[in-house]
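Thanks for coming, everyone. I'd like to walk you through one model today, starting with a few charged pairs and ending with the cores.

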Amino acid sequence: MKIMKIKRYLLTLLLIPFVACTNLDIPPMNVVGDDDIFGSEAGVMSYISRMYSTLPMEDFRYDHSANGLFNINGTKYKQQSCLTGEAIGRDTRGGEIESASYWDNPYKYIRDANTLLETLPKYESAHSEAAMSTYLGEAYFIRAFLYYSLVKRYGGVPKVDKVIDYPATVSFEETKLFRDSEEAIWDFISSDLDLAISLLPESNQRGRADRYVAAAFKSRAMLHAGSIAKYNTVNEVYNDVRICGVPSERAKDYFKQAYDAAVILNGSKYKLYEDKWVAGDKAAIADNFGTIFQENTCETIFARYYIDPDSVHSFDDSAQPKQTSTGNNDSELCPTLDFVEMFEFPNKDSEGHLDIFDDAGHYKLYDSPFDAFADCEPRLSATVILPMSQFKNQTIELRRGIWTGVSAATMGPLMTEAENFASDYASKYGADSDLKIVNGFAQNSPIDIGGGKTMAPAGNSGIVSWWDFGNISGFYLRKYLNPDPDHNNNGNKSTQSWIEIRYAEVLLNMAEAAWELTSLGDNTDKDGNNYLEVAYDCMNKIRKRGGATLLAAVSELNGEEGRDLIRTERRKELAFEHKAYWDLKRWRIMYDEQNNTRWRTIAPFYSVVDGKYFIDIKYQESRGQNYVFTYDTRNYYQQIPTSETTRNTNCKQNPGY
């Protein structure tokens with residue numbers, strides 16, 4: 001943690017996502033003093049806009065594999081959603097974590113917030129009472145956001161709530177701060193957000209916090225704190241301070257804070273977006289859900305906005321299907337079958353898995369692999385491009401190969417379970433076999449399928465098994481992708497807004513907190529509402545909007561089965577919004593899901609003799625690499641950079657490093 005005295009500020013008015021939608025009609029400045037910054041609306045707005053621009057949102061420009069982590073320009077070859085089982089990517093291998101620390105930068109930005117909180121009141125006469133309240137509320141919100149980015153990674157960290165005036169009045173030794181308890185940091189975040197809620201207006205400029213933004217964020221942060229208190233088993237004490245771990249008796253308090261913060265948004269301007277929703281119309285329900293991520297709707301509580309050419313990102317370039325790509329990359333986000341099976345569709349077996357065999361144990365046949373997911377939950381088709389579904393006025397052709405042997409309706413699985421996990425199709429079926437597959441598009445020449453017709457084994461988008469671009473799971477991501485057929489997705493050409501907080505998350509926070517409070521012996525909130533009934537209502541609002549079957553009774557939420565229903569609903573609704581990674585960590589179940597795990601995919605094959613498709617289920621093919629996922633439980637608390645623990649001997653390293 002580098003703490004330097006700031007006497008003057010070099011303000012460069014960058015065209016950043018927040019500033020892109022804010023008019024700052026001020027003259028160019030080079031080096032300016034406090035009077036220029038805090039003594040005018042333009043100066044304060046410039047200062048605050050810079051604070052927003054450095055908020056550590058894990059957005060389109062967050063890259064867990066890049067130095068700096070945030071605001072990374074250029075093509076992303078690795079995606080956070082490939083660390084959670086939501087998707088796989090050829091460049092994201094098992095067991096990855098953030099490869100760069102996030103320690104020094106937050107303290108630089110915390111100092112900015114502290115400077116504003118200490119200095120702005122000296123210029124109170126230059127601003128209206130409402131403006132002063134808003135500016136201070138935003139500083140508290142931003143400081144809480146920064147501390148949340150630290151505590152969820154490291155546990156207890158040094159709490160700095162004032163400007164440390166080094167070297168003027170503070171010695172270097174005095175900057176070597178001890179870590180505060182993890183509990184103290186969660187409480188500090190709570191206190192800052194309470195101040196933000198009390199100070200902020202009910203509405204603010206787009207991209208800036210209002211009181212509901214602060215309340216929504218508090219519901220997220222306190223839910224995280226409660227989860228640590230209840231589910232974490234790592235405890236580390238140093239200098240008589242519990243730097244890792246929260247007393248279990250605090251769980252109820254934190255869950256109640258999360259619940260109460262979510263309640264603040266009841267009746268506010270924020271709500272579930274349902275403008276295009278039509279009961280019973282699956283296409284309309286899917287379109288309604290997709291619209292949330294393309295337009296600014298009543299559901300968006302807090303977002304980061306982009307504008308071409310000044311502030312852009314490369315999401316489409318990375319996630320685009322191969323056949324619609326105009327860039328130099330594609331297919332870095334291929335949803336897994338494990339994820340797809342969380343959603344409802346009729347074609348499942350008794351264990352809830354895609355059912356690819358008939359009662360005799362032979363492959364089912366389909367006119368199109370899309371038919372295997374017929375009548376699916378609309379939210380699934382709005383989240384995932386299913387094989388042979390439509391996107392950008394094209395049929396997204398996803399095929400692993402062509403079968404030229406006997407009728408697939410007489411066949412059992414192509415591989416045993418052991419072969420499937422350990423081998424690829426090419427390892428078992430040679431070039432002269434009845435299974436015609438290719439490793440990459442250079443080999444994807446059409447073959448004769450009879451009747452004067454030819455067919456490329458891997459289709460137009462894959463599936464392929466080597467380092468070629470192209471699909472690797474049988475699915476593509478649809479959520480957040482720009483659907484405009486004419487959109488140039490070359491490199492940094494995307495401008496979709498990143499939704500950091502939306503109302504659906506608040507409902508899910510409320511439902512989870514309500515279940516947790518019930519599990520800890522509380523039954524009703526301060527207004528007499530039964531917690532489980534509130535959770536039931538929140539769940540059904542989400543499920544109805546997504547086109548899923550409604551819960552029939554409150555009793556379905558009883559016990560751990562009810563908790564897991566809420567968690568699954570969260571993973572479905574908030575998929576690919578970079579929430580699952582931290583949810584799995586705070587629930588302390590990442591290791592349970594990723595203990596020698598290889599994610600499952602589908603492999604659609606065209607059967608020539610049948611003139612139809614059958615679907616095989618395949619563990620992720622290796623492409624010459626080990627894609628078996630295993631999670632190191634040390635990473636529930638991440639490593640503090642050794643440069644910090646070396647410089648500051650009072651800063652105790654986290655256990656296991």
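Let's begin with Asp355 and Lys364, whose side chains meet in a salt bridge at 3.6 Å, N to O. By salt bridge I mean a side-chain nitrogen of Lys or Arg within 4 Å of a carboxyl oxygen of Asp or Glu. Asp355 is partly exposed, at 21% relative accessible area, and Lys364 is partly exposed too, at 23%. For those words, buried is under 20% relative accessible area, exposed is over 50%, and partly exposed is in between, with a 1.4 Å probe and protein chains only.

A quick word on the source: this is a predicted model, where local features need pLDDT of at least 70 and side-chain atom pairs count only at pLDDT 80 or more, while totals for chains, interfaces and linings use all residues. Residues are numbered from 1 along each chain as its sequence is written, and side-chain values use heavy atoms, with hydrogens and water left out.

How many salt bridges does a search of the whole structure find? The count is 54.

Now look at Glu569 and Arg543, with their closest N and O atoms 2.7 Å apart in a salt bridge. Glu569 sits in helix α16 (residues 559-573) and Arg543 in helix α15 (residues 531-546), so this pair ties together parts 26 residues apart in sequence. Helices here are DSSP runs of H or I, at least four residues, numbered from the N terminus. Both Glu569 and Arg543 are buried. They also belong to a network of salt bridges whose members include Glu299, Arg379, Lys479 and Glu577.

Glu593 is in helix α18 (residues 590-593), 22 residues away from Arg571. Arg571 is buried at 13% relative accessibility, whereas Glu593 is partly exposed at 25%.

On to the nonpolar cores, meaning sets of buried Ala, Val, Leu, Ile, Met, Phe, Trp, Tyr and Cys residues joined through side-chain atoms within 4.5 Å. The largest has 166 residues, and Phe141, Tyr147 and Trp186 are among those with the most contacts inside it. Helix α4 (residues 129-154) supplies the largest share of this core, 16 residues. Apart from it lies another core of nine residues, including Tyr581 and Trp582.

Lastly, helix α6 (residues 211-231): 19 of its 21 residues are buried, so the rest of the structure largely encloses it. Happy to chat about any of this!

How values were computed:
Helices (H or I, at least four residues) and strands (E, at least two) are DSSP runs, numbered from the N terminus.
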